[in-house]
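Please look over the structure below. A short report on selected features follows.

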Amino acid sequence: MTISAFDLFKIGIGPSSSHTGGPMTAAYLYTELLREEGLLGRVDRLQVELFGSLGVTGHGHGTVKAILLGLEGSQPHLVDPATADERVGRIGELKSLRLAGEQEITFDPDRDLILHRRQRLEYHTNGMRFQAWDVSGTLLRARDYFSVGGGFVLDENQIGVETQPVPDVVVPFPFNTADQLLEICQKHDMSFSGVVLANEKAFRSEEEVRAGLLQIWEVMQDTIRRGTSTGGVLPGGLAVRRRAARQLELLEKANDPGDRLGTMEWVTLFALAVNEENAAGGRVVTAPTNGAAGIIPAVLKYYVDFVPGASDDGVVRFLLAATAVGSLFKKNASISGAEVGCQGEVGSACAMAAGALAEVLGGTPEQVENAAEIGIEHNLGLTCDPVGGLVQIPCIERNAVGAIKAITAARMAVRGDGQHHVSLDIAIKTMRDTGADMMDKYKETARGGLALNVVEC
């Protein structure tokens, strides 16, 4: 299975790729299935059931809103965050929705959207079931979907089936492990980013790859700009104050170019800005998830703003190298907090950013692999315990810390010779094993850790 940069970096809205983006996509796919089978016009009644982590944190993570928008034909990369709440409010008030944006049907979210807090479907904890009936009560179509992390969605027929972005296209340099990737780099004198670019060119031109990645970077920068210009309190009931705008004021007042510690404060600001926007339901880039969306933009902006010689070419190489690392986590472990805890989100993003930064700093493939390994090794065992089921505490600060860790890991690696005791493959396997051993209450259920011990006010 080849995972594209445009699979890992997807434009969408907050607060969660697996709980917002994935469910919106699933609902949209279900309406398209009804359309393709000629059933859309016959639908009289619809029911949606959310299982596992989706059922437990469905309101706090925006799943209910995402399902409603998806049923009306919205997709994460196209939906307007500014009008989303108004649309959802209309559905709740009128007890009806425009199925696929076309057909008005009766739909009461309180009755027809069921959150199962103690049940899960067999394949994955983020399970959804969609069912539609005609006016006579005949079941037209039922379909199960699974949001498996980072906005990736599988339906019941895709479980265990490898898929390519474009069917029947063979990439020149397939790899499934870091060892295989390093072997390719050594044999062909290539970098991590060079291998990924060669594979991307099997699906689209190099000019399209470059333009697409620079567009993704522009969206990341827009998110930082919005996050650093917006104050107030985040939605959800915890009364968490947005801090990025105030921190920007303080840093601009300090304005000491020689303060190296101050550089790290800017990185912290970038990450806070992105994840405050994510928590507010704004537009972000899944990187590789929404819960960890601030780490890669913060480290990439560190490269652009503070590394001499930074360029658009470097930005493209950064995102391609990050893709190489992220694909290894997706293939061999998980990027889903509901499956392996936050080590799969912040941990994988930290590793991706560390490896990518090491490459644009001039690191060899061995140093890039080392940087990525350091990034994940020091996030092993990280639980996902969002207070109140919201992507706010500890998620926002966790991104800032993860970005600093990534920079430290990259700089440690490029000052070494690439030799180290723990390989990236072993670290990824360890993450997967740790996630399997982790109790479910620490995997995006808001039933353990800080979520249990912090009193909600």
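In which helix does leucine 452 lie? Leucine 452 lies in helix 19 (residues 450-453). Helices (H or I, at least four residues) and strands (E, at least two) are DSSP runs, numbered from the N terminus.

This is a predicted model: local features need pLDDT of at least 70, side-chain atom pairs count only at pLDDT 80 or more, and totals for chains, interfaces and linings use all residues. Residues are numbered from 1 along each chain as its sequence is written, and side-chain values use heavy atoms, without hydrogens and water.

Leucine 452 counts as exposed because its relative accessibility is 57%. Exposed means over 50% relative accessible area, buried under 20%, partly exposed in between (1.4 Å probe, protein chains only). The C-alpha atoms of leucine 452 and valine 387 are separated by 7.4 Å. Along the chain, these two are 65 residues apart.

Now the hairpin. Strand 3 (residues 96-99) and strand 4 run antiparallel, joined by four bridges. Two strands pair if DSSP finds at least two bridges between them. Leucine 99 has glutamine 103 in strand 4 as its bridge partner. Three residues lie between the strands, and alanine 100 in the turn has a positive phi of about 60°.

Side chains alternate along strand 4 (residues 103-106):

| Residues | Face | Burial |
|---|---|---|
| Gln103 and Ile105 | one face | buried |

Over residues 4-157 the chain is 36% helix and 28% strand. The end C-alpha atoms there are 22 Å apart.
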